[in-house]
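Hi,

Here is the structure I promised to pass on.

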Amino acid sequence: MTQDYILRRRLRRRRRQERGGPPAGLLLLFVPLAVTLSIIGCSALAGLQYVDRVSTDYVSAEQAIAARGGGARIHDRHGTLLFQFLDEGYGQQERIPLNEMGFWIQAASIATEDESFYSNPGISVQGLARAVRENVQPGDGFFEGSGGSSITQQLVKQIYFTPEEREQRSLERKAKEVVFAIRMTQEYEKEQILEWYLNEIPYGNLATGIESASLTYFGIHTKDLSLAQAAFLAGLPQSPTRWDPFSDYDAAKRRQGEVLALMERHGAIDSETRAWAQLERITLKPQPRPFLAPHFVLYVADYLKATLGEEALYHGGLEVLTTLDLPLNDMANAYLEESLLQHEASSNGHNGSVVVIQPETGQILAMVGSRDYFRQDVNGEVNNAVALNSPGSTLKPFTYATAFKQGWGPEWPIIDSTITYKEEDGKEFQPRNPDGRNRGTMTVKQALGNSFNIPAFKTILWVGVDNVRATAKAMGITTLDREGLGPAMTLGGVDVKLLDMTYAYSTFANNGVMAGVPSTQSLPEGNRRLEPTSVLLVKNRKGDVLMDNMTPEFEPAIEPEYAYMITDILSKDENRQITYGRGSNLNIAGHRVAVKTGTSEPYDQEDPTKKKLIGDTWTIGYTPDLAVGVWVGNSDNTPMVNIFSTTIAGLTWHNVMAKALEGRAARDWVKPAGIVEATVCVPSGIIVQKDTRCRSVKGAFALTALAQQTADWWGGELLGRERTTRDLSSVPGELLEWRSYLAKEYLRVYGGGGGGAPRPQATALVPAPGAAPTPGDPVGAPTVMVAPTSVPTAAPEPGFGEEPAARPTVNFDDLR
């Protein structure tokens, strides 16, 4: 019946238009205006002049709607609404087309607000005349009568006037409203005007538009409203505060009865239908407003404030397309929760965070800041993706990358023996390996792959803390500009952010090239210029593009040779078998992945018989397509027990990475041409020439590092004089402090090369004195990397060994 009611009115309007009657233009407008103006002493000519003047202020309805405010609407990369920031003067809104509103709300609104909607010229002449009689009476009641506004006038009032102007009860404002309503009716179909009205009118409780109202009061979409529910909502716009269902349900129910009576009076329903609708029980079931991926949404809010300003965020009516892949984010959250539940009781670990970044673009695909934003017992609101935590061993790759810059390679030997370091305050510190054992001489790839602490500590002493800091800063770590940073940095003696770490590892994944957008942070010199991309596109209501990050910027952070050598070490299971065994959850079937773990032990523990206290555990790994970082710990820094980096963090990382790669073709890294095989002296790193006599090692090195060897170069340092032949087999006096100490240790302990013709060094793992070899320890000559080729020449893993296909380009148009 409702459909027939609306169709009859549309047909009546169409027939009137076909008959070609007098235009419902300024003549119809001028009659009531002339009456009003004459009452207050104005001439007809003045009235016409006024109409002409206000007409010049008119802009199209599309422009007026586009200029309205509203909080920013944040969407994931697929267009799913994550959150809408609240503009208290505007409310929250979900625009929908008229054909998704259903007939009940259309019929109820027309019967209640403007029964002649389909036949009037944009104004209700009878209502306006009544308003004139009531409002222009001299005395205290001047302009305090009824409004007499049509649906079109109400829409005009909503989209053309400010909140302050809407409250004004003046002839000038009313006349402007009338002029605009008639202009709108002349320019647009009634169906379009009705759609705008139902989308733009306020229904109370910060619900702007009928879809938002349906969700706010009933938790359903407009198209699913019953007659009773539609009548209930249609009565609210006239006075949302007076008939607020949440504060005065009975008043709202009485108003519903008035709407149903109007619908019957105007033929929209019959008496029986009205009676049944009146009896229907109205139950308020407000739907919570979407707040999906909350930590990411708030991260985006900070970015928008920094780039477009806070006013734009809350009042600019922004439509924001972000980089987030909500299904991936939800999946990462689910795997984190599953892993925590599995080990929570035994480990006392209650929280975690996951970040996923696309290396080629720097886009944040997932940001799970905690297991549950709404759980206060785990401080769920804390975004652990950007919180400061101790990284454990996950900083070691930056130490070895710095060593590669100074002429080392994956086969370079390191002496894994006890070392005592005296700190500035006089305290002595002795790093120890996770199992407490020393293994003598080992290669860099064995030291990094197995995450041994002593070799990493000696390496940072050799290459210099400031140099490692510079490498890590350039690659994306933003928290290293503090005084007193020492060599313990490589073991986790500094606080970092999971987002920074994952971003830096994504740069390794991209062969040393950082992708992203210009940084919004004011960082000291030496830090990254870019930051991960969180926002792809921002438009205002007019459709103007305010921000376009669809195409990333790029910046070389480290030479591709150094990045590749780190990746090659971290992606081979044999390099980590001593610590993790073979086939651990750090492997992904069918894909070559580079991965590093970290565990922090920031708690002083005098009683070694008690359970070891753990602060944070990390696992960060990558392929050419994805970088995934996981942190597990407690936001209040409560220690954990009975936990390794692979227990919860590693398990979560494995599950997220495996699922994210599901269905993707395996991709390998292309080996840079600048990696060459060479034989160099130890510890000087000087390339062995004909008749050179020195301890030596043969393996892969970066050509750019070897090219630094000027006549005064020695072990990554310039002597200030031309070196001599003796300098290749002894320690120059110019070397000071720790580099001198470690160089002498090399000459004392390392037995590679020696006199005679140069030969490759077979760097076997030598157990510590009195210690038996660990089962499974690799013994004998290490794998030697050969001349440059596009792929590693070692025995290929399943699915690898072929020339990698050309990297696919990201089609950003698909994301618009």
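Both Cys681 and Cys694 are buried. Bear in mind that this is a predicted model, so everything here is computed from the predicted coordinates. The two cysteines form a disulfide, with 2.0 Å between their sulfur atoms, and the count for the model is one disulfide. The torsion about the S-S bond is about -80°, so the Cys681-Cys694 disulfide is left-handed. What does the pair tie together? Cys681 sits in strand β22 (residues 675-681) and Cys694 in the loop between β22 and β23 (696-702), so the bond links parts that are 13 residues apart in sequence.

Next, the sheet I'd look at. It is an open sheet of five strands, in the order β7-β6-β21-β20-β19, and the pairing is antiparallel. Its edge strands are β7 (363-368) and β19 (594-600), each of which pairs on one side only. On average, neighbouring strands of this sheet are turned by 10° against each other, ignoring direction. If you zoom in on β6 (residues 351-358), you'll find five bridges joining β6 to β7, the two running antiparallel. Ile357, for instance, has Ile364 in β7 as its bridge partner.

Two helices pack on that sheet. Helix α22 (residues 498-509) touches β6, β7, β19, β20 (616-622) and β21 (627-633), and its direction makes about 35° with that of β6. Helix α23 (residues 560-570) touches β19 and β20, and the direction of α23 makes about 80° with that of β19.

While you're around α22, check Asn511, which is in the loop between α22 and β14 (513-518). Is Asn511 buried or exposed? Its relative accessible area is 13%, and the cut-off for buried is under 20%, so Asn511 counts as buried. Leaving out residues up to four places away in sequence, Asn511 touches Ile558, Pro560, Ala563, Tyr564, Trp669, Val670 and Pro672.

Asp727 has 5% relative accessibility, so it counts as buried. Which residues does Asp727 contact, leaving aside its neighbours within four places in sequence? They are Trp714, Leu719, Arg721 and Pro732. As for Trp714, it is 13 residues from Asp727 in sequence and 8.3 Å away in space, C-alpha to C-alpha.

Then there is a helix pair. Helix α12 (residues 227-234) packs against helix α13 (residues 249-265) at an angle of about 105°, and their axes are 8 Å apart. The two helices are therefore roughly perpendicular to each other. On the α12 side, the contact is made by Leu227, Ala228, Ala231, Phe232 and Ala234. These meet Tyr249, Ala252, Lys253, Gln256, Val259, Leu260 and Met263 in α13. Sorted by class, the contact of α12 with α13 has 10 nonpolar, one polar and one charged residues.

Last, a hairpin. Strand β1 (residues 73-75) is joined to strand β2 (residues 81-84) by three bridges, and the two run antiparallel. His75 has Leu81 in β2 as its bridge partner. The hairpin of β1 and β2 has five residues between the strands, and Gly79 there takes a positive phi near 100°.

Cheers

Conventions: Residues are numbered from 1 along each chain as its sequence is written. This is a predicted model: local features need pLDDT of at least 70, side-chain atom pairs count only at pLDDT 80 or more; totals for chains, interfaces and linings use all residues. Side-chain values use heavy atoms; hydrogens and water are left out. Two strands pair if DSSP finds at least two bridges between them. Helices (H or I, at least four residues) and strands (E, at least two) are DSSP runs, numbered from the N terminus. Axes are lines fitted to C-alpha atoms, for helices over the stretch in contact, and angles run from 0 to 180 degrees between N-to-C directions. Contact means heavy atoms within 4.5 Å. A disulfide is a pair of cysteine sulfur atoms within 2.5 Å. Buried means under 20% relative accessible area, exposed over 50%, partly exposed in between (1.4 Å probe, protein chains only). Angles under 35 degrees count as roughly parallel, over 145 as roughly antiparallel, 65 to 115 as roughly perpendicular and the rest as oblique. Ala, Val, Leu, Ile, Met, Phe, Trp, Tyr, Cys and Pro count as nonpolar, Asp, Glu, Lys and Arg as charged, and the others, Gly among them, as polar.
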